[in-house]
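Here is a short note to read beside the model.

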Amino acid sequence: MELELEMEDVTIIQVQEDAHDSQDTMLSGERELAIQNAKAYMQTASTKSNLSLYEHLARVLTKILDERPNNAVDVFEDISKDMKRSMFVKKLDTLREERDLSLAIKLAEIQKDLFFRPEEEREQEEEVMESPLPNIMELAYYFEQAGIGLSQEEMYRIFLALKFLVDSQPLQRCRFWGKILGIGANYLVAEVEFREGEDEGELEEEGEELEKEGIEDVDAEEKEGEEQDEPPKSTYKPPPVIPKEEAGSGTNRYTYFVCTEPGKPWIKLPAVTPTQIVAARKIKKFLTGQLDAPVISYPPFPGTEINYLRAQIARISAGTQVSPTGFYQFGEEEAEEEEGAIRENYEENPDFEGLPLAEMIESLSSWVHHTQHILPQGRCSWFNPVQKDEEEFEEMEEEEREEEPDEPEPEVGPPLLTPLSEDIEINDTPPWATKLSSTLVPQYAIAVLRSILWPGAYAFGIG
């Protein structure tokens, strides 16, 4: 009986082992099937790149095992990107290659004409002619000594762009006014003065035509409104419009051209009006780089960005164009004028020998403004808004004469060539700061003047 029991136990153990073997076989089959399904999924090719994840991981792991980089887990993504980039093949047309349309290539195409020299100029090399354009590279060198300005490459391209402007316009004087930064593009500004009788007022004529068209449209609308039921009329009289200053005087003394990049066409800015200057003083706006962009602000600005840019140029010029005391002087005609008259013209002093650097650094009285101050009215010379001709005054009725307001007090600003020491302080801070370009080699340094009111405006004196 004992032997029979032992045999039964052995049989039971063998049956259990066979059951475990069959279960392992079933599990291994399921695993193999799952592995095959996963492998088939990873070998599925992409519809975009025609690559499979299985092949890509195999290449990445092979490269990692071959190169064995340090911290492989940190550079795994970079290696994956490099492998994808190496597998990319650009499709090129067999007949014509695709042009590179990057921004650098487009700009190079535009600026290519700046470096082209026509044969006529080569033939006239021996003839030395006076140019209205100063040596901008020399000015850039001195500004570089002060640690400001643009790079030499950019300044040279600007120099060539200004030369192109001088060759295409009848200019008597031309200088690089500066660079104004914008959100979408920057503005390169050129300050020019036309020869006598050759100032082309195309933009001004267009502006006058647009104003006339606008007035005609308003008159037509008023006539249409009069045909209908007339509403009660208002007795409000708007303030008189202050006229702009004539070309060659005041805020319109010089003409300005702008472009966004050297090589692009120069665009002439229109004359500025007092209304635009007054409105520009009340708002702060970033420039967009598009001259036809609207200026959305409160109070509203009367014009687009081209007018706002011109108003800001007038304000900056009036406040930051300075020179050492004695560099300019009034001519004989200006000196003979009456004491109350406003002096607008000056000339360079041939006897000026320069000022010591220490004097230009220590005292703001060594510098003067050589551009007229802009009055609160928006003009350099005050205009009486209630002034009328004798004929108009005689035509007025007695009631209108009684209702006529009293004449306002004339606005008076600081005269031309006023020292900087008389400028109003900004929160107990002088509006100007001075320094030497180098304290290590002072005998070869220059005096640098920086505006606090208009950051980015600089002047230098060699001494």
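1. Start with a term. A residue counts as buried when its relative accessible area is under 20%. Keep in mind that this model is predicted.

2. Now find strand β2, residues 187-194. How many of its eight residues are buried? Seven are, so β2 is largely enclosed by the rest of the structure.

3. Look at what pairs with β2. Strand β1 covers residues 171-180 and runs antiparallel to β2. Eight bridges link β1 and β2. To check one, go to Cys174: its bridge partner in β2 is Val192.

4. Which residue of β3 is the bridge partner of Ala190? That partner is Phe257.

5. Move on to another group of strands. Here an open sheet is built from three strands, in the order β9-β10-β11, with antiparallel pairing. Its edge strands are β9 (432-436) and β11 (458-461), and each of them pairs on one side only. On average, neighbouring strands of this sheet are turned by 20° against each other, direction ignored.

6. Last, check the pairing of β9 with β10. Strand β10 spans residues 447-451 and is joined to β9 by five bridges, in the antiparallel sense. One place to look is Trp432, whose bridge partner in β10 is Ser451.

Technical notes:
Residues numbered from 1 in each chain as written. Predicted model: local features only at pLDDT ≥ 70, side-chain atom pairs only at ≥ 80, totals over all residues. Heavy atoms only, no water. Buried < 20%, exposed > 50% of the residue type's maximum accessible area, 1.4 Å probe, protein only. Helix = DSSP H or I, 4+ residues; strand = E, 2+ residues; numbered from the N terminus. Pairing = 2+ DSSP bridges. Axes fitted to C-alpha atoms, helices over the stretch in contact; angles between N-to-C directions.
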